[in-house]
Amino acid sequence: MDKLNSFGGMKIGIVCYPTFGGSGVLATELGRGLAAKGHQIHFITYRQPVRLINFAENVYYHEVPTSDYPLFEYAPYDTAMASTLVDVATSAKLDLLHVHYAIPHAAIAYMAREILRAQGIYIPVVTTLHGTDITLVGKNRSFAPVVEFSINQSDGVTAVSESLKADTLKAFHINKEIEVIYNFVDFSRFTKTDKDHFRRAIAPDGEKILVHTSNFRPVKHVDDVIRIFQRINARIPSKLLLIGDGPERQNMELLCRELGLCDEIRFLGKLEAVEEVLAIADLFILPSGHESFGLAALEAMACEVPVISSNAGGLPEVNIHGVTGYLEDPGDVEAMAEDALSILMDPEKQKAFRAQAYQQAQRFSIENILPEYEAYYERILSAALIG
Ligand code: GMT
């Protein structure tokens with residue numbers, strides 16, 4: 001087998017979804033952070049990732065070409081991606097491939113690795129599990145055998161929370177050690193800034209501002225966000241800002257109309273500068289039916305915003321009950337509304353929770369978590385050299 005290259009840093013290929021989802025955001029921020037530390041990063045995706053907007057030294061972008069040959073009812077994304085991985089891995093002399101979200105990326109990386117192995121090159125594959133690739137979609141019979149096989153075939157596997165690790169071990173027969181490396185937040189971007197002019201525009205009479213961000217999929221329980229808000233709004237003047245878009249958006253607009261709350265709720269769409277809204281938020285709401293980590297909640301906490309969330313999945317590892325916010329069973333909108341009011345109606349408590357949320361978020365700073373990925377890559381590379 002060829003020797004791994006001798007570039008000062010590591011040369012890492014990152015595969016992810018380029019969309020607004022947490023896994024793509026995390027993968028992009030990871031790549032940018034590693035590049036800033038001197039590693040050479042090659043993003044391989046079907047479209048420019050949403051957070052890959054500025055020029056950065058050491059960052060390369062390779063687009064996977066999609067074919068529209070008339071025979072294909074479904075364009076063979078897997079084949080195109082595997083071919084691109086082989087091409088980039090050989091031309092850029094990658095040391096390692098890091099794929100985010102198991103479906104279909106772990107299986108594609110396995111195929112690319114085996115093609116390269118047949119050419120006498122070995123490039124280890126790290127797969128990061130993000131959540132729905134295990135808890136919702138992955139368990140589905142139409143994916144499960146491939147997901148299980150490709151996780152077991154990865155050289156390294158990481159999960160973004162202890163809860164997701166446990167879910168993975170429960171759902172599949174896994175013979176690999178799963179390393180938990182938590183998601184992270186970049187405080188140079190997510191920090192409380194003075195945006196009082198926004199606050200005056202949104203809440204001119206000093207109303208409390210509640211925020212929710214998601215991809216509006218059913219698992220996010222956006223209807224619960226609105227029902228929690230309805231209860232809060234009945235007691236105190238308040239506004240709800242909803243960031244993001246997705247399949248439930250239209251239903252949510254209808255619900256706002258039904259409840260007569262259209263003047264109090266604003267749909268902001270796929271806003272890129274989420275931190276500008278978090279800067280004026282009093283509370284963040286994330287009542288998901290399942291959530292492996294809750295990156296959106298962490299970003300809110302970094303901006304000193306307490307979180308009212310469900311206690312699903314990995315959320316208790318991020319949001320601490322009675323300290324950084326409150327957690328209740330999914331669907332318990334009454335309790336979540338009461339929790340929210342207990343913070344919003346008590347300025348001293350809100351001040352304390354804001355500080356505690358910020359303090360807890362620091363555990364997950366990019367400065368703390370990036371070295372964990374670097375150390376993990378080194379371990380996987382050393383094992384590959386020995387093997
Ligand atoms: O939440 C989503 O539906 C998007 C999804 C993704 O893969 O983009 O998010 C998952 O990964 C995020 C980043 O690791 C986690 O913060 C989210 O908790 C997780 N979502 C779920 O588990 C529902």
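**Salt bridges and a buried loop residue**

At 24% relative accessibility, Glu253 counts as partly exposed, where buried means under 20% relative accessible area, exposed over 50%, and partly exposed in between, with a 1.4 Å probe and protein chains only. The model is predicted, so local features need pLDDT of at least 70 and side-chain atom pairs pLDDT 80 or more, while totals for chains, interfaces and linings use all residues. Residues are numbered from 1 along each chain as its sequence is written, and side-chain values use heavy atoms, leaving out hydrogens and water.

Glu253 meets Arg257 in a salt bridge, 4.0 Å from N to O; the term requires a side-chain nitrogen of Lys or Arg within 4 Å of a carboxyl oxygen of Asp or Glu. The two residues are separated by about one helical turn, because they stand four residues apart in helix 9 (residues 249-258). Helices here are DSSP runs of H or I with at least four residues, and strands are runs of E with at least two, numbered from the N terminus. Arg257 is exposed, at 53%.

The whole structure holds 20 salt bridges. In another of these, Glu338 and Arg235 bring their closest N and O atoms to 3.3 Å. Glu338 belongs to helix 13 (residues 333-344) and Arg235 to helix 8, so this pair ties together parts 103 residues apart in sequence. Arg235 is partly exposed, at 48%.

I turn now to Ile236. This residue sits in the loop between helix 8 (222-235) and strand 9 (238-243). Is Ile236 buried or exposed? Ile236 is buried, with a relative accessible area of 12%. Leaving aside residues up to four places away in sequence, Ile236 touches Lys208, Leu341, Leu344 and Met345, contact meaning heavy atoms within 4.5 Å.
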